[in-house]
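This report describes a single protein chain, its confidence and its surface. The sequence and structure are shown first.

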Amino acid sequence: MAEQRRRNAPRQKKTVHYRYDADGTAAFQPELVPEQEPPRRKRVRPKRQSRTHFRANNLENLRVRPSERIAPMSVIGIVVVVFLAAMVLQYQVRLNSLNTQVVSATNTLEELQETQAQLEAQYEQMFDMQGIESDMVNSGKMIKPSDGQQIYLELTEPDTATSFASEAGLLGKLKALLSGLTEYFS
């Protein structure tokens, strides 16, 4: 029993002692002096029992450990993690399908814009403005203005603006409304 305690006890570190021989005027020069160890005893190992004998003895004393219950919070945590993983997967699929729809709509929009540009160019080519003008002049529906129909304005004076101060308040707004109505009907 004592040997077993010695075997299981933690080993202690060997200490090394230094001896300094100096008179105080020279530098210290340590000399290593090992400590003497006590003589070692020969270990006596106990005989091992055979495995069949060991098992036979332990089967009688063997107790079955009851099965442990799983903590309810760990079950809830696992369920929550699985649920969140499923939701992330579902939303990733939705995001991918929406992204595909956006790409196809963008491609369709680009095609339609190209078609619109082509149709506008064709539409403009269909109308010859000089031909239309000559047709209208020849049919008599459109005539060039004569000298008497042309009016020229002379705008040599600079632009001016006049602002009138309006009366503030409800009374001023009422007066402005009544004056506007009288000017309209007169």
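How many helices and strands are there in the protein chain? The chain holds 5 helices and 2 strands, taken as DSSP runs numbered from the N terminus (helices H or I, at least four residues; strands E, at least two).

## Basis of the model

This is a predicted model, in which local features need a pLDDT of at least 70 and side-chain atom pairs count only at pLDDT 80 or more, whereas totals for chains, interfaces and linings use all residues. Residues are numbered from 1 along each chain as its sequence is written, and side-chain values use heavy atoms, with hydrogens and water left out.

## Fold and confidence

From the N terminus on, the order of elements is α-β-β-α-α-α-α. The mean pLDDT (the predictor's confidence in each residue, from 0 to 100) is 76 for the protein chain, and 67% of the residues score at least 70.

Confidence is highest in helix 3, at a mean of 94, and lowest in strand 2 (residues 30-33), at 51. Where pLDDT is low, the predicted coordinates should not be read in detail.

## Exposure and the nonpolar patch

Of the 186 residues in the protein chain, 1% are buried; buried means under 20% relative accessible area, exposed over 50%, and partly exposed in between (1.4 Å probe, protein chains only). The accessible surface of the chain, by the Shrake-Rupley method with a 1.4 Å probe, is about 20,100 Å², and carbon and sulfur atoms account for 58% of it.

A nonpolar patch on the surface is formed by Y123, M126, F127, M129, I132, M136, V137 and M142, which together have about 790 Å² of accessible area. Helix 3 (72-126) and helix 4 (129-139) are the elements that give two or more residues to the patch. Helix 4 provides the largest share, 4 residues. M126 belongs to helix 3 and is exposed, at a relative accessible area of 64%.

## The aromatic pair

The structure holds 1 aromatic pair. Its rings, those of Y184 and F185, have centres 5.1 Å apart and planes at 80°, so the pair is edge-to-face. Rings of Phe, Tyr and Trp (its six-membered ring) pair if their centres lie within 6.5 Å; planes under 30 degrees apart count as stacked, over 60 as edge-to-face and the rest as tilted. Y184 is exposed, with a relative accessible area of 65%, and F185 counts as exposed at 65%.

Note on methods:
Patch = residues over 30% accessible without salt bridge, like charges linked within 9 Å, V, L, I, M, F, W, Y side chains within 5 Å. Salt bridge = Lys/Arg side-chain N within 4 Å of Asp/Glu carboxyl O.
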